Amino acid sequence: MTTVLDPTSESRPEQRELVPRPESLDGLTIGLLDISKPRGDVFLDRVEEKLTGLGASVTRFMKPTFAKPAPVDLRHEIATSCDAVIEALAD
Amino acid sequence: MHTMAEITTAKPLLPDGLVAIVKEDCPTCVLVAPVLADLADRASMTTITQDNAAFPQAADWVVHDHDLAYSWFHDIDTVPTLLRVVDGEPTERLEGWKRDDWEAFTGINDLGADLPDWRPGCGSLSVDPNRTDELAVRFSGSTMCSRRVEIAALEDEWEALYDRDWSDGLPVVPPTEARVLRMLEGTTRAPDEIVAVVPPDLADVTVEKIAINAVMAGCRPDYLPVVIAAVEAICTDDFNMHGVLATTMDVGPIIIVNGPIAREIGMNSGGNVLGQGNRANATIGRAVQLVVRNVGGGKPGGVDRSAHGSPHKIGLAFAEDEVGSPWTSLAESRGFDADQSTVTVWCGGGPQVFVDQLSRTPESLTKHFANSLKTNLAPKMAMMETLLVIGPEHMSRFRDAGWDRARFLAELDSHLQLDTDDLIRGADGIDEGLPEAFAGNTIGKFWPGGIHVVHAGGATGLFSMAFSGWVPPPKGSVCTTKEITR
């Protein structure tokens, strides 16, 4: 029998519960995160129109660069000020 | 099946006074057996026997080193060895048999009157090459804290590592405790020292975890400091390994080694420098990518979203040919000294060859190189970044004309100022391009500082290589250099 050493971080992924799906968008604040890819704004403008038509209020956010993960402060701001977030990837 | 390490053996204290370490399987020890008994009687000496518990005889002055802990922890190389022990630790030692020396050491005269004056000893069992791996694991294994994974007797150990998803697709060397301990001898850093936080899982990586992955990649212990420095470099916020991994482009870390260590560990900077055939080049880059995969959790289809990838994503490391270069090295151009060993990591895609077999002047060669570079990534792309690997025969043009690195870069860049009217969207019937607002201007093919140059390659062949880059700094990845320390 051979014994080897585990090459991984040995971190077991935690099971994370999904947030309950909202019954309606009425009165909710939806964050729209533009990841700074070209024409992401075109896509999100249209999404914002649709969402406000459904009674939601919309807050827009933007990552400094699509090439890096969103900064911690930005993620915190979105998490604390929005009920849900939609992230746009466009090219 | 997982088990934790259970074996922990502390260093045993030796009995105070005179101590002899012997084994029966040593003609000199057998020869001096009467002397051992004599010294037990006249000087209260203890004899510690490595093999036969009843050698030289079953007696209360004979102690059996059954697990070789006395011999291992007190660094016994030869038997017989005489020790003078104070508070459990040897203060003096004498190896082999030489009557005069034994008499002086013990202060007892007339030892072994019938014996020859002198006989050399034999190797201690604790340094027997067939046992040292096992002993190292037995006595040092507890310094490693990684989870032990047992591969069952009926499992093929190579297949077992594939089954656990620890491989990049090629076979990996099973990281047994003995192999990882040997790997750790390549550095003076403690196994539990945290080197970096590895994207995308942002997992702490210790020297030990890097050593495990270096074993799997096929590294020798003396490569380990290079792997550690490279892991440190790619895990900086500047290099942005998360983005390099997550991008749909073809890029990966390219590792360039400068300084004395490259020659000491036998890295290739010559023929086939970017290809196969050199163990250090092939395994250092692979070890770094295995750390990203296994510790960071970055795998193709997971956070690695590359559309095509690239052959060099299996790992690419090479050395600069500094000895044969008329220029300062890449590391020197980045502020390090020639006698410092460094690793530079740069994010790049696949390389493209540049062929020029007729230019005899640096002016002609540079202009042709610039023309070739205008297609780097795509002709409509501007403000990009590149890594040039200039071959020795091309370099001789610059050497002969007295051009240095700065002159070459200035001349090259002067040929790479592009007319934006040719690059805007729709120009030349091609939809791709710069926004209309850029029209009527010039723009650099590469951003200032975006051309990195190293000298490497075989002595024959009028070729150089150019890598394409990724999103230039500060938004994408910043070329990063770290000093290598052992």
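What share of the 486 residues in chain B is buried? Buried residues come to 45% of them, where buried stands for 20 or more other C-beta atoms within 10 Å of a residue's own, with C-beta atoms placed from the backbone. The model is a predicted one, in which local features need pLDDT of at least 70 and side-chain atom pairs count only at pLDDT 80 or more, while totals for chains, interfaces and linings use all residues. Residues are numbered from 1 along each chain as its sequence is written, and chains are lettered from A and ligands numbered from 1 in the order in which they are written.

Chain B carries 16 helices and 23 strands, these being DSSP runs (helices H or I, at least four residues; strands E, at least two) numbered from the N terminus. Its radius of gyration is 31 Å, well over the 23 Å from the globule rule for 486 residues, so chain B is more spread out than a compact globule; the radius is taken over C-alpha atoms, and the rule is 2.2 Å times the number of residues to the power 0.38. Along the principal axes, the C-alpha atoms of chain B fill a box of roughly 105 × 55 × 35 Å.

Over in chain A, three strands make an open sheet in the order E3-E2-E4, with parallel pairing (strands pair if DSSP finds at least two bridges between them). Strand E3 (57-62) and strand E4 (84-88) of chain A sit at the edges, each pairing on one side only. Five bridges link strand E2 (residues 29-34) of chain A to E4(A), and A:Asp34 stands opposite A:Ala88 in E4(A).

Terms used: Buried ≥ 20, exposed ≤ 12 C-beta atoms within 10 Å, placed from the backbone.
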